[in-house]
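Let's take a walk through this one, a few spots at a time. Keep the viewer open as you read.

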Amino acid sequence: MNFVISIVVPMYNSERTITTLLDSIYSAMYLPFEVICINDGSTDETERTVIEYQKRHQEVILLNQKNMGPSTARNRGISKALGEWILFADSDDTYSEEGLKRVQREIVDNPDSELFVFSYKEKLTIGDKVIGVNQDEGLPVRDFLEEGYQAADYLFVHSVWNKVYKKAIIALTGGFDERIKLGEDAIFNSLYLSTVNKVKVCSTPLYNYFIGGGSLSHDKKDLGEIWDSYLMIYSSISHLLQKYNLYEVDALVFRNYYFGTINSYINSYNIDHKDEQTLRMMLSNHQWIEKIEYIDDCGGFEKLIVLLASHRCISISLLLCKLQRYRRLYRKK
């Protein structure tokens with residue numbers, strides 16, 4: 001059978017959510033499609049749950065592998081996909097019926113398009129928040145990057161689950177880098193966007209992204225590894241942005257990763273001397289500070305950190321980060 005659309009779903013211990021995702025797909029699809037579920041070494045009943053679903057829906061394909069991470073799972077799904085167009089979903093999210101129907105209309109009406117990017121909904125405990133741009137048109141890649149980074153959430157550009165890709169173009173990029181364990185989506189998209197000329201943006205929310213309540217992480221994360229990963233991601237994105245002379249956007253993206261790493265320090269329960277050395281190194285690097293020194297779109301804490309670091313007041317800026325961390329921890333008790 002010739003499929004038009006392949007939906008690739010990595011799964012890990014997803015027995016409680018995968019059926020809801022699959023139901024959201026089946027409620028809206030009318031073009032020939034397949035759903036490729038890659039069981040990434042689950043230790044619960046994920047495999048059995050999908051097998052039961054397969055008995056009623058022949059379009060579901062189940063692949064099993066040892067736990068190797070989402071990039072490996074997605075690449076395996078891509079290699080097995082028979083559809084001309086590929087979507088990616090996380091097993092604990094859902095599609096909107098309206099969004100999937102819009103996807104299919106766009107594919108039929110615009111078969112020569114290279115990439116579709118849709119709005120999406122953040123599903124919060126206090127309600128839904130639509131993320132995206134309020135327009136329906138084809139944009140040159142440069143305009144998409146500029147508007148996407150400045151007018152929407154970074155996930156609008158970086159995520160893979162609000163986009164519809166052509167399999168033939170994915171083949172040119174090499175797929176997901178399986179060596180990268182953090183930010184692989186952003187690198188995948190930067191490579192894909194380097195290959196295409198135009199992006200069709202759609203205001204209809206395609207995807208429901210369920211996020212937690214922002215609780216502090218109890219998992220120990222090495223701050224140096226986080227920063228090294230962010231620098232690798234930024235390098236890939238920066239190459240694309242500088243190709244289009246988007247230097248202000250480039251600085252904004254760097255700022256996001258710089259303070260994202262500092263916030264990882266602030267939000268962690270478990271900090272050791274090595275993490276504090278990484279933070280001191282980041283605050284001491286004047287070249288990095290200069291890159292974000294003149295960005296106006298910063299919060300008060302960020303502005304103060306940049307001001308102190310730019311005047312070489314490293315110990316004070318480090319102390320400020322520690323105080324901010326203690327304040328966050330105290331508020332969570």
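Start at Tyr326, which sits in helix α14, residues 314-332 (helices are DSSP runs of H or I, at least four residues, and strands are runs of E, at least two, numbered from the N terminus). This is a predicted model, so local features need pLDDT of at least 70 and side-chain atom pairs count only at pLDDT 80 or more, while totals for chains, interfaces and linings use all residues. Residues are numbered from 1 along each chain as its sequence is written, and side-chain values use heavy atoms, with hydrogens and water left out.

Tyr326 is partly exposed, at 49% relative accessible area; buried means under 20%, exposed over 50%, and partly exposed in between, with a 1.4 Å probe and protein chains only.

Now look at Phe176, in the loop between α7 (167-173) and α8 (184-193). Phe176 and Ala73 are 103 residues apart in sequence, yet their C-alpha atoms are 9.5 Å apart in space.

Last stop: helix α11, residues 273-284. Which residues of α11 are buried? They are Asp275, Thr278, Leu279, Met282 and Leu283. These cover an arc of only 130° around the axis, so they lie on the same side of α11; the arc is taken from the directions from the helix axis to the C-beta atoms.
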